[in-house]
Amino acid sequence: MRAKRTGAQAQTALITGGSGGIGFQIARVLGRKGFDLVLVSRKRDSLEAAAGQLEGKYGVKVHVFAADLRRTETPQAIFDFLHHENIPIEVLVNNAGFGLLGAFADTKLQREMEMIQVNIVALTHLTKLFLPGMIKRKSGRILNVASTAAFQPGPLMAVYYATKAYVLSFSQALAEELRNSGVTVTALCPGPTATEFASSANVGKSGLFAAFGIADADDVARFGVAAMMQGKRVAIPGIKNKIIAQASRITPRAISTRITRIAQESR
Ligand SMILES: NC(=O)c1ccc[n+]([C@@H]2O[C@H](COP(=O)([O-])OP(=O)(O)OC[C@H]3O[C@@H](n4cnc5c(N)ncnc54)[C@H](OP(=O)(O)O)[C@@H]3O)[C@@H](O)[C@H]2O)c1
């Protein structure tokens, strides 16, 4: 599916964390389809570099909004900016997120509170703000980036796994509420993927990252956007990840939790 045009204006996709990693690759896939783009992340120079690349390659309009999603006022500021510029959002990609490896008793509370703010609160807030316009237009796509971490508890990354379980559960419930509304919600659940995530979460050392092989961010993005365009509710890229998700449904919770702990422990 390509972006529709109204006069000179193409449909617009908003991507949080659109300057790097999976978010940038999602922006590329959507730019290739003709969507104008709004990229949000903290570092203006990375945003502008990403925007220059996308505009040059796909000839679409790219707006950048430099802001920190750890701040509670950021979602409203993004919404107000786009409202002021009269840019309706057809595609919302809640991608920005991060993790943290370590025993909960030892990790920094502040980092985990920020993680909950970015991974859960900002995602929920942005959805709340942009959904009414989509419902009114009877058209819209929401892609929430969860993880295979959503399918079972994750000892040594307890808060991160729990945030992703929230993203999956919230997305599936909302998708059902929006049945027949013209608006779809897709939870993308990647496994380990080659981005900056591993170094920022310090999970490069985790056995899980080593054991499962690392996917290409471009493949994950193409898979996620295709699933979103088809209105699929859950998108799990890669056969190994599908097996993990399926196995976690039939394995007793205590056992899958124990297995995840063993896999998660440093080599
Ligand atoms: N990589 C994996 O193995 C993996 C696996 C499963 C799920 N995921 C999920 O995929 C999503 C994207 O991760 P990624 O691997 O692409 O990570 P990444 O390479 O670290 O990229 C994160 C992006 O989010 C932005 N960002 C980070 N913190 C932000 C904040 N506080 N406010 C605004 N923007 C912020 C970053 O730009 P700035 O630093 O400039 O803000 C960057 O554009 C996350 O939700 C992650 O949990 C990743």
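## A loop residue to start with

Let us begin with L156, which sits in the loop between β7 and α5 (158-177). This is a predicted model, and in it L156 has a positive phi of about 80° although it is not a glycine. Most residues other than glycine have a negative phi. L156 has a relative accessible area of 21%, so it counts as partly exposed; the cut-off for buried is under 20%.

## The chain as a whole

Stepping back, the protein chain has 10 helices and nine strands. Its C-alpha atoms fill a box of roughly 55 × 40 × 30 Å, taken along the principal axes. Of the 267 residues of the protein chain, 51% count as buried.

How does the radius of gyration of the protein chain agree with that of a compact globule? For 267 residues, a compact globule would have a value near 18 Å, and the protein chain has 18 Å, so the two agree.

## The seven-stranded sheet

Now for the sheet. Seven strands form an open sheet in the order β5-β4-β3-β6-β7-β8-β9, and the pairing is parallel. At the edges are β5 and β9 (234-235), each of which pairs on one side only. Strands of a sheet pair through backbone hydrogen bonds, either parallel or antiparallel.

One of the residue pairings here involves S41, whose bridge partner in β5 is A66. Together with helix α2 (residues 44-58), the strands β4 and β5 make a right-handed β-α-β unit.

Is strand β5 (residues 62-66) largely enclosed or left open by the rest of the structure? Four of its five residues are buried, so β5 is largely enclosed by the rest of the structure.

Among the facing residues, G140 stands opposite V183 in β8, and L143 stands opposite T186 in β8. β7, α5 and β8 make a right-handed β-α-β unit. The loop of L156, between β7 and α5, belongs to this stretch of the chain.

β8 also pairs with β9 in the parallel sense, this time over two bridges. L188 has A235 as its bridge partner in β9. How many of the six residues of β8 are buried? The count is six of six, which leaves β8 mostly covered. The cover reaches both faces: V183, V185 and A187 are buried on one side, and T184, T186 and L188 are buried on the other.

The loop between α3 and β6 (89-94) is where you will find N86. The phi of N86 is near 55°, a positive value in a residue other than glycine. N86 counts as exposed, because its relative accessibility is 59% and the cut-off for exposed is over 50%.

I87 is found in the loop between α3 and β6 too. Is I87 buried or exposed? Its relative accessible area is 9%, so I87 is buried. I87 also comes together with a residue from another part of the sequence: I87 and Q9 are 78 residues apart in sequence and 9.2 Å apart in space, C-alpha to C-alpha.

## The second largest pocket

Our last stop is an open space in the model. The second largest pocket has a volume of about 300 Å³. Of the 14 residues that line this pocket, the closest to its centre are F79, H83, P88, G133 and R137. Two elements give two or more residues to the lining, namely α3 (74-84) and α4 (109-137).

Which element gives the most to the lining of the second largest pocket? That is α4, with seven residues. By class, the lining has nine nonpolar, three polar and two charged residues.

How values were computed:
Residues numbered from 1 in each chain as written. Predicted model: local features only at pLDDT ≥ 70, side-chain atom pairs only at ≥ 80, totals over all residues. Heavy atoms only, no water. 1 Å grid on protein atoms, 1.4 Å probe; cavity = no way out; pocket = protein on both sides within 12 Å on 5 of 7 lines; lining within 4 Å. Points joined across faces, edges and corners; volume = space filled by probe spheres on them. Nonpolar A, V, L, I, M, F, W, Y, C, P; charged D, E, K, R; others polar. Buried < 20%, exposed > 50% of the residue type's maximum accessible area, 1.4 Å probe, protein only. Pairing = 2+ DSSP bridges. Right-handed = clockwise from strand over helix to strand, strands pointing away. Rg over C-alpha atoms; globule rule 2.2 N^0.38 Å.
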